[in-house]
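Please look through the structure below before reading on. The paragraphs that follow take up the interface between the chains and then the details within each chain.

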Amino acid sequence: MADELLLELVTPEKLAFSDKVEEVTVPGSEGEFGVLRGHASLLSSIQIGELSFTKDNKKTYYAVNTGYAEVLSGKVTILVESAERADFIDRDRARKDKEEAEARLNKMAKEDPEYDQVKAALTMAETRLKVAEKA
Amino acid sequence: MAALKDIKRKIAAVQKTKQITKAMNMVAASKFKVAQQRMENFRPYAGKFMEVLNSLALRVDANSHPLLAVRPPKRIWVICMTSDRGLCGGFNTNLIKAAERFVKTKEAERLEVTLIPVGRKGRDYFRKKAKIAFDRADVMGKFDMSLAAAISQDIIPPFIREEYDELYLIYNEFRNVSSQRPAVVRLFPLPAIGSEEAVDPEKRIEYIYEPSDEILLDRLLPMYVRVLLFRALLETSAGENGARMAAMDNATRNCDELIGSLTLKFNKARQAAITAELMDIVGGTEALAKSS
């Protein structure tokens, strides 16, 4: 059991990925961490960022939204509100989202109730652009 | 002859209506399939989420969280989830009626009720009739988790600031294609989670928590609200299209019936016209024969 690592990437829209992998790197809210087989049981929240895993010596990148990761006896379950694989990211849309968010943020006071939301949208767009470069 | 033409025109009109209802039925059917698929796809996420939330709640005293705070209710908010578009039978009417009934009973208890319509049909109906905190309309056609996130952004902070004491969600529970039922669910305070039975004993393991278990729970609970909202949105979307399929199927059948009875009427009228003409000719020849 301990000699394999199963990754399940679940979003509300679909089961994005489910297979054996060699290594997973997760954008935890307390910093990025890597999971190899035989990792201790862990529950961590995830922030917007770049998730990657290695399978057959090939690295695959995803841009993920907030959620959490559970590591349990050779299985990593990632529950995030959205996950986009690097080669599926629409760069033009991400760029447009980024500009929109920036424009809104400039006009907004920090106390605005929507400030955090727009800020998150901006981070998400930036992450998507960054991850798209790695496709 | 005028009557004949009229009937003919009517038949043509009904036929056109039938084409439209048939097309709408097929569109609804394909949209329904998509909505049902999305519901199916959401299940693993929701299931997994509940599993972790429950096991976490067992460890932490979840009931101290502000989202679970029970206060004697004075002001309550009610989310009323309808579709954006009509022509789906009693789907929205039934829901609005249920919502009104609910509001009335709550008002009878001397509670101050504020509505949050989601979906255009509910918004249009309640716009002038009730106190509204905010609304979301024209969102049902295409939505994702960010809609649930936006709604939860608008309801969580006011609850924590104690601007209201209870939140209810009224939506059409999806049972199958032809059956949806209005359901009332209390969202806030969140029902207690982490009962002993909810967690498989084998799954009660010691995790490393990052950050601490309390903070983690603090982050998971708003996600839980989003999961609940998103599920209701998905069910509304599937229910709406299911209801529209049934309504349009009915309408198509009614058109068929109407065309049948109109054709019968048309044939009778034509027969009557022919008979009348024959009578004319016979009467004419008889008159001619008499006069000669």
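In this predicted model, 23 residues of chain B are in contact with 24 residues of chain A, where a contact means that the C-beta atoms of two residues, placed from the backbone, lie within 7 Å. The elements that give two or more residues to the side of chain B that touches chain A are helix 1 (2–59), helix 4 (145–160), strand 5 (208–210) and helix 5 (213–291) of chain B; here helices (H or I, at least four residues) and strands (E, at least two) are DSSP runs, numbered from the N terminus. Helix 1 of chain B gives the most to that side, with eight residues. Sorted by class, the side of chain B that touches chain A holds 15 nonpolar, two polar and six charged residues, with Ala, Val, Leu, Ile, Met, Phe, Trp, Tyr, Cys and Pro counted as nonpolar, Asp, Glu, Lys and Arg as charged, and the others, Gly among them, as polar.

Residues are numbered from 1 along each chain as its sequence is written, while chains are lettered from A and ligands numbered from 1 in the order in which they are written. Because the model is predicted, local features need pLDDT of at least 70 and side-chain atom pairs count only at pLDDT 80 or more, whereas totals for chains, interfaces and linings use all residues.

Chain A has two helices and ten strands, and from the N terminus on its elements run β-β-β-β-β-β-β-β-β-β-α-α. Its C-alpha atoms fill a box of roughly 55 × 30 × 25 Å, taken along the principal axes. Of the 135 residues in chain A, 36% are buried, a residue being buried if 20 or more other C-beta atoms lie within 10 Å of its own, exposed if 12 or fewer, and partly exposed in between, with C-beta atoms placed from the backbone.

Most residues other than glycine have a negative phi, and most peptide bonds are trans. Against this background, D56(A) has a positive phi near 50° and lies in the loop between strand 6 (49–55) and strand 7 (58–64) of chain A; D56(A) counts as exposed because it has 7 C-beta neighbours inside 10 Å. S73(A), also not a glycine, has a positive phi of about 35°, and is found in the loop between strand 8 (67–72) and strand 9 (75–80) of chain A. In chain B, the peptide bond from F188(B) to P189(B) is cis, with omega near -10°, and P189(B) belongs to the loop between strand 4 (179–188) and strand 5 of chain B.

Not counting residues up to four places away in sequence, C80(B) touches A99(B), L115(B), I116(B), P117(B), V118(B), G122(B) and I170(B).
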